[in-house]
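Here are my notes on the model you sent over.

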Amino acid sequence: MNNIKAFIFDLDGVIVDTAKYHYLAWKKIANSLDIDFTHEHNELLKGVSRVRSLDIILDLGKVTASQEDKDRWLLQKNEDYLTYLVDMNESEILPGVFRILQFLKENNQPIALGSASKNARPILEKTGLLPYFDAVVDGNDVTNAKPDPEVFLMAAKLLNIKPEDSIVFEDSVAGVQAANIANMISVGIGDATTLQEAKYIFNDFTAIDTQFIEVLLRK
Ligand code: BG6
Ligand code: MG
């Protein structure tokens, strides 16, 4: 394997199952505003920035609010979300992820994070994964949210790899679209129907074997 590719990972729903914590924190805000908020609604928020997520929830409840109220709810949501992260450790890394990260490291492949979250770095630190990443691009670094390709293009640039030689692992539709728009190879992690725009789709990382990575590296 002499080819070098960029391997770019989304965070929430790919490396850690934080969607459940985002859900609980948003549900608290939604319910305090008498807005019904279900797991199906939560699907709409995957890959979506914090600010946009609140707007989607307010739209669901047909609630209009002042910027001051919105800022307060955004702060409350994040404070509540952070309480779920306090005890986070490596046990919350999704099955199969560590094995692939290790394989990539052993083969000297550059690895980056490409996430919409502003909490990405503390999560990587708590799970012990930060040393595996040669570059981290998160919600603090970009101005345009997925499906805009900015986050992935910035990650590939930091790794000094061309977009067409970059592979993106994503669990959200917006993220798969961002990777495709960036002219990268999109690998969807999750439901095949939902992620049908991805070039490759796997249920989770336990379904990805090292042979698949080797095939990508030979392309
Ligand atoms: C994305 C999640 O990765 O990050 C979204 O899929 C979340 O659900 C977004 O809203 C922003 O995250 P944070 O941690 O900055 O609120
Ligand atoms: Mg995600």
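**Notes on the ligand site, the voids and the backbone**

1. Let's start with the ligand. There are 16 residues around ligand 1, and the ones that come nearest are D12, G47, S117, K118 and N119. Keep in mind that this is a predicted model, so every distance below is computed from predicted coordinates.

2. What is the shell made of? By class, the residues around ligand 1 split into seven polar, five charged and four nonpolar.

3. Now for the backbone contacts. G47 turns up again here: one of its backbone N or O atoms is 2.8 Å from an oxygen atom of ligand 1. V48 also places a backbone N or O atom 2.8 Å from a ligand 1 oxygen. For L45, the distance from a backbone N or O atom to an oxygen of ligand 1 is 3.2 Å.

4. Where does the ligand sit relative to the pockets? Ligand 1 takes up the space of the largest pocket. Two elements give two or more residues to the shell around ligand 1, namely α3 (50-60) and α4 (67-85).

5. The largest pocket holds about 650 Å³ of space. Its lining runs to 33 residues, and V48, S49, R50, A116 and S117 are the ones nearest the centre.

6. At least two residues each come from α1 (19-32), α3 and α4. By class, the lining of the largest pocket has 14 polar, 11 nonpolar and eight charged residues.

7. There is one cavity of 30 Å³ or more in the structure. The volume of this largest cavity is about 40 Å³. V173, V176, Q177, T194, L195, Q196 and E197 form its lining, which comes to three nonpolar, three polar and one charged residues.

8. Two backbone points deserve a look. Most peptide bonds are trans, and most residues other than glycine have a negative phi. The peptide bond between K146 and P147 is cis, with omega at about 15 degrees. P147 belongs to the loop between β3 (135-137) and α7 (150-159).

9. The other point is N108. Its phi is positive, near 55 degrees, and N108 is a residue other than glycine. You'll find N108 in the loop that runs between α5 (97-106) and β2 (111-114).

Definitions and conventions. Residues numbered from 1 in each chain as written. Chains lettered and ligands numbered in written order. Predicted model: local features only at pLDDT ≥ 70, side-chain atom pairs only at ≥ 80, totals over all residues. Heavy atoms only, no water. 1 Å grid on protein atoms, 1.4 Å probe; cavity = no way out; pocket = protein on both sides within 12 Å on 5 of 7 lines; lining within 4 Å. Points joined across faces, edges and corners; volume = space filled by probe spheres on them. Nonpolar A, V, L, I, M, F, W, Y, C, P; charged D, E, K, R; others polar. Near = heavy atom within 4 Å. Polar contact = N/O pair within 3.5 Å; in protein donor to acceptor, adjacent residues only side chain to side chain. Sits in = over half its atoms within 2 Å of the grid points. Helix = DSSP H or I, 4+ residues; strand = E, 2+ residues; numbered from the N terminus.
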